[in-house]
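Subject: Structure handover

Hello,

Here is the structure I promised to pass on. Please open it beside this email and follow along.

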Amino acid sequence: WGREVAAAYGVRYDVWKGHDGVAKRSLFVIDRDGVVRYRWVTDDAEVLPDLDHAIDALATLRTAGS
């Protein structure tokens, strides 16, 4: 709620369309140890991520047993 997570992950707009601190469209794959294994971020809120890359990262984690 306080926008701390978006700031910590580096995905917070300073100002976007008149709104302060809104999170950018982003996708993360984080392993059980809290390590970011995949990160996708865009400044264009209309752009969708390529989910195949995130699925590949998840499959790699599953294979590694993380």
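Start with Ala 54. Leaving aside its neighbours within four places in sequence, Ala 54 is in contact with Leu 27, Val 29 and Tyr 38. Contact means heavy atoms within 4.5 Å.

A word on the source before going on. This is a predicted model, with residues numbered from 1 along each chain as its sequence is written. Local features need pLDDT of at least 70, side-chain atom pairs count only at pLDDT 80 or more, totals for chains, interfaces and linings use all residues, and side-chain values use heavy atoms, with hydrogens and water left out.

**The core**

Which residues make up the largest nonpolar core? There are six: Val 29, Tyr 38, Trp 40, Ala 54, Ala 57 and Leu 61. Strand 4 and helix 2 each supply at least two residues of this core. The largest share, three residues, comes from helix 2.

Some terms are needed here. A nonpolar core is a set of buried Ala, Val, Leu, Ile, Met, Phe, Trp, Tyr and Cys residues joined through side-chain atoms within 4.5 Å. Buried means under 20% relative accessible area, exposed means over 50%, and partly exposed is in between (1.4 Å probe, protein chains only). Helices (H or I, at least four residues) and strands (E, at least two) are DSSP runs, numbered from the N terminus.

**Helix 2**

Helix 2 covers residues 51-64. Its 14 residues should span 20 Å at 1.5 Å a residue, and its end C-alpha atoms are 20 Å apart, which agrees. The expected span is 1.5 Å times one less than the number of residues.

The buried residues of helix 2 are Ala 54, Ala 57 and Leu 61. Seen down the helix axis, they fall within an arc of 60 degrees, so they line one face of helix 2. The arc is that of the directions from the helix axis to the C-beta atoms. An α-helix has 3.6 residues a turn, so residues three or four places apart point the same way.

What covers this buried side? The cover over the buried residues of helix 2 includes strand 3 (25-30) and strand 4. The face turned away from the buried side carries the exposed residues Asp 52, Thr 60, Arg 62 and Thr 63. Leu 58 also lies in helix 2. Leu 58 is partly exposed, with a relative accessible area of 48%.

Now look at the two ends. Asp 50 sits in the loop between strand 4 and helix 2. At 37% relative accessible area, Asp 50 is partly exposed. At the start of helix 2, a side-chain oxygen of Asp 50 reaches to within 3.0 Å of the backbone nitrogen of Asp 52. Just after helix 2, Gly 65 takes a positive phi of about 80 degrees.

Thr 42 is found in strand 4 (residues 36-42). Is Thr 42 buried or exposed? Its relative accessibility is 12%, so Thr 42 counts as buried. The side chain of Thr 42 reaches the backbone nitrogen of Asp 44 at 3.1 Å. Not counting residues up to four places away in sequence, Thr 42 touches Tyr 13, Lys 24, Arg 25 and Val 47.

Lys 24 is in the loop between strand 2 (19-20) and strand 3. Lys 24 counts as buried too, at 19% relative accessibility. The side chain of Lys 24 makes a polar contact with the side chain of Asp 43 (2.8 Å). A polar contact is a pair of N or O atoms within 3.5 Å; within protein, one must be able to donate a hydrogen and the other to accept it, and residues adjacent in sequence count only if both atoms are side-chain atoms.

**Rings and a loop**

How many aromatic pairs does a search of the whole structure find? It finds two. The rings of Tyr 13 and Trp 16 have centres 5.7 Å apart and planes at 20 degrees, so this pair is stacked. Rings of Phe, Tyr and Trp (its six-membered ring) pair if their centres lie within 6.5 Å; planes under 30 degrees apart count as stacked, over 60 as edge-to-face and the rest as tilted. Tyr 13 is buried, at 9% relative accessibility. Trp 16 is partly exposed, at 26%.

Last stop: Lys 17, in the loop between strand 1 (15-16) and strand 2. Lys 17 has a positive phi of about 50 degrees although it is not a glycine. At 65% relative accessibility, Lys 17 counts as exposed.

Best wishes
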